[in-house]
Amino acid sequence: MGKTAVITGASGGIGQAITRRFAAAGYRVFCGSCSHPQRAQKLAAQLRQEGWAAEAVQGDLSSSQEAQEFAERVLAACGGVDVLVNNAGVAQQKLFQEITDEDWRKMMGINLDGVFYVTRAFLPGMIREKKGRIIQISSVWGVCGASLEVHYSASKAAVAGMTRALAKEVGPSGITVNCIAPGVIRTPMLDAFSQEELAQLAQDTPLGRLGTGDDIAALALFLASDQAGFITGQVICADGGFAL
């Protein structure tokens, strides 16, 4: 039986790239989405047309109950999950003093609570099987912080902390937990930036370019592989040197 991977936020730029990479590697992929279920369904349909096993699953993962129901639907379909990629997330730029309670709760709800709820839902099966890969998608801003993105930076830093702690707890069960901190990645999240701003961000990156979803997807697939079996509790910046 082939391996199974769940990718949350599969309808976004990085999420789609990760989902496609895992599907092409032979994984049965479950495309998780909350705000854009049609995109996830379209992605799953395209992958099936290409000969891969893919299904779309909708759920608001910032809700404990919906995250549990999301996991139950996946597990009912496949019996067990080999890889969980917590990629779902939102971003927002605002002055610190203008961040509202609603802004803060939404950011933490999706970027942090969702990671906790989904991981908690899938972890018992991994512990029972004594194997599993959990890959969190954080951000370089969770490592070095970003002006006008305090709530986003805080949520992503918390994911990195969760990664390190959980890796220690579940390591004895044969489960690895790692975190990817992408730098500036060319996805629709950057659509609000002008060409001049994007050019400056590329200039600020030592490798001289913005990252792509495929850059992150390749690392995620490696962390899920047997070659990465002795790597856990790590926060890996895939940022072209941006945070140096």
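This chat goes through aromatic pairs and salt bridges in a predicted model.

Visitor: How many aromatic pairs are there in the whole structure?
Guide: A search of the whole structure finds four. One of them joins Phe 116 and Tyr 117.

Visitor: What is the geometry of Phe 116 and Tyr 117?
Guide: The ring centres are 5.6 Å apart and the planes meet at 55°, so the pair is tilted. Edge-to-face would need an angle over 60 degrees.

Visitor: What is the relative accessible area of Phe 116?
Guide: Phe 116 has 38%, which makes the residue partly exposed.

Visitor: And Trp 141, which residue does it form an aromatic pair with?
Guide: Trp 141 pairs with Phe 242. That pair is edge-to-face, with 5.4 Å centre to centre and 85° between the planes.

Visitor: Where do Trp 141 and Phe 242 lie?
Guide: Trp 141 is in helix 5 (residues 141-144), while Phe 242 is in the segment after strand 7 (235-238). The two parts are 101 residues apart in sequence, so the pair ties together separate stretches of the chain.

Visitor: Is Phe 242 buried or exposed?
Guide: Phe 242 counts as buried, at 17% relative accessibility.

Visitor: Switching to charges. How many salt bridges does the structure hold?
Guide: Eight. Among them is the one between Arg 28 and Glu 55, whose closest N and O atoms are 2.4 Å apart.

Visitor: Which parts of the chain does the pair of Arg 28 and Glu 55 link?
Guide: Arg 28 is in strand 2 (residues 28-33) and Glu 55 in strand 3 (residues 54-58). The two residues are 27 residues apart, and the pair links distant parts of the chain.

Visitor: What about the accessible area of Arg 28 and of Glu 55?
Guide: Arg 28 is partly exposed at 25%. Glu 55 is partly exposed too, at 26%.

Visitor: What does Asp 82 meet in a salt bridge?
Guide: Its partner is Lys 131, at 3.8 Å from N to O. Asp 82 sits in the loop between helix 3 (64-78) and strand 4 (83-86), and Lys 131 in the loop between helix 4 (101-129) and strand 5 (132-137). They are 49 residues apart.

Visitor: Is Asp 82 buried or exposed?
Guide: Asp 82 is buried, at 16% relative accessibility, whereas Lys 131 is partly exposed at 44%.

Visitor: Last one: which side chain meets Lys 94?
Guide: That of Asp 103, in a salt bridge of 2.5 Å, N to O. Asp 103 is buried, with a relative accessible area of 14%, and Lys 94 is partly exposed at 24%.

Terms used. Residues numbered from 1 in each chain as written. Predicted model: local features only at pLDDT ≥ 70, side-chain atom pairs only at ≥ 80, totals over all residues. Heavy atoms only, no water. Phe/Tyr/Trp six-rings, centres within 6.5 Å; stacked < 30°, edge-to-face > 60°. Buried < 20%, exposed > 50% of the residue type's maximum accessible area, 1.4 Å probe, protein only. Helix = DSSP H or I, 4+ residues; strand = E, 2+ residues; numbered from the N terminus. Salt bridge = Lys/Arg side-chain N within 4 Å of Asp/Glu carboxyl O.
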